[in-house]
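Dear colleague,

Please find below the structure that I am handing over to you.

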Amino acid sequence: MNLNKPILLFNFKAYRQAIGKNALKLAKIIASSGYDNIYLAVQPTDILSIKKIWSNIMAEHVDPVEPGARTGWLTIESIINAGAIGTLINHSEHRMNMDDIKKIIERAKTIKHDFGLDFEVVSCADTVANAEKIAEFKPDAIAIEPPELIGSKISISEAKPELITETILAVSKYEIPVLCGAGINKNNDVAKAIELGARGVLVASAFVKNDDPKKWLNDIISIL
Ligand code: G3P
């Protein structure tokens, strides 16, 4: 991930406004925004089509399995073939156990090494303690998100700034960049998160469910 400027990671989840043709519409807004450090976490079924418009694209989830007899499981190889440059795992809406998180991060590193690919794993965490445990596995970034603020209009940077700073401190020995999310809905929330030391933010509803996502995005970008 490009850490030279703030990262905007938009999680499309499974919102009707952000799947299929609607996902493409949002990707076009992003592509015309003029800000290049935007990553999209999308449904695996949308990777292939969005890739034609925007290259920083991640699968919202991946399973800790190798290719083979794995009906219905999603492998890292499959999403790479579709065009993903990474994955967002262990989201509060799709929690994983520590062993599986570790397996995915290890597999991603092997694949990266064997195929010379750039493939990033961003793991979410809901608490400082879990962020620290996950940091030991060395993901490319950790995203701290308090579940109770997800989808609300109260941002982590306003309501729980200490969660950002404590996470940064807890994972600093592993040198893992920290992103944060939950309730981020205005440019001040982004500015505050960056000021507190986050390398970027995760946003879903404020962008995806916005009546005018283009205007909203321009407003956010204006302060970056
Ligand atoms: O992964 C980002 C997400 O959980 C935050 O959701 O709707 O609060 O921006 P939202």
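On a 1 Å grid over the protein atoms alone, a cavity is a set of points where a 1.4 Å probe fits but cannot get out. The volume of the largest cavity is about 160 Å³, a volume being the space filled by probe spheres set on the points, which are joined across faces, edges and corners. Its lining comprises 18 residues, and G151, A182, G183, A204 and S205 are those nearest its centre; a lining residue has an atom within 4 Å of a point.

Please note that this is a predicted model, in which local features need pLDDT of at least 70 and side-chain atom pairs count only at pLDDT 80 or more, while totals for chains, interfaces and linings use all residues. Residues are numbered from 1 along each chain as its sequence is written, and side-chain values use heavy atoms, with hydrogens and water left out.

The ligand has N11, K13, H91, E145, I150, G151, A182, G183, L202, V203, A204 and S205 around it (a heavy atom within 4 Å). Oxygen atoms of the ligand lie 3.1 Å from a polar side-chain atom of N11, 3.0 Å from one of E145 and 2.5 Å from a side-chain N or O atom of S205. A polar contact is a pair of N or O atoms within 3.5 Å. On its own the ligand has 310 Å² of accessible area, of which the protein covers 100% (Shrake-Rupley method, 1.4 Å probe).

The largest pocket holds about 170 Å³ of space. A pocket is an open set of grid points with protein on both sides within 12 Å along at least five of seven lines. Its lining consists of N11, K13, Q43, P44, E60, H61, L88, H91, E93 and H94, which divide into 2 nonpolar, 5 polar and 3 charged residues.

Finally, the structure contains 0 disulfides (pairs of cysteine sulfur atoms within 2.5 Å). C124 counts as buried because its relative accessibility is 1%, where buried means under 20% relative accessible area (1.4 Å probe, protein chains only). C180, at 0%, also counts as buried.

Yours sincerely

Note on methods
Buried means under 20% relative accessible area, exposed over 50%, partly exposed in between (1.4 Å probe, protein chains only). Ala, Val, Leu, Ile, Met, Phe, Trp, Tyr, Cys and Pro count as nonpolar, Asp, Glu, Lys and Arg as charged, and the others, Gly among them, as polar. A polar contact is a pair of N or O atoms within 3.5 Å; within protein, one must be able to donate a hydrogen and the other to accept it, and residues adjacent in sequence count only if both atoms are side-chain atoms.
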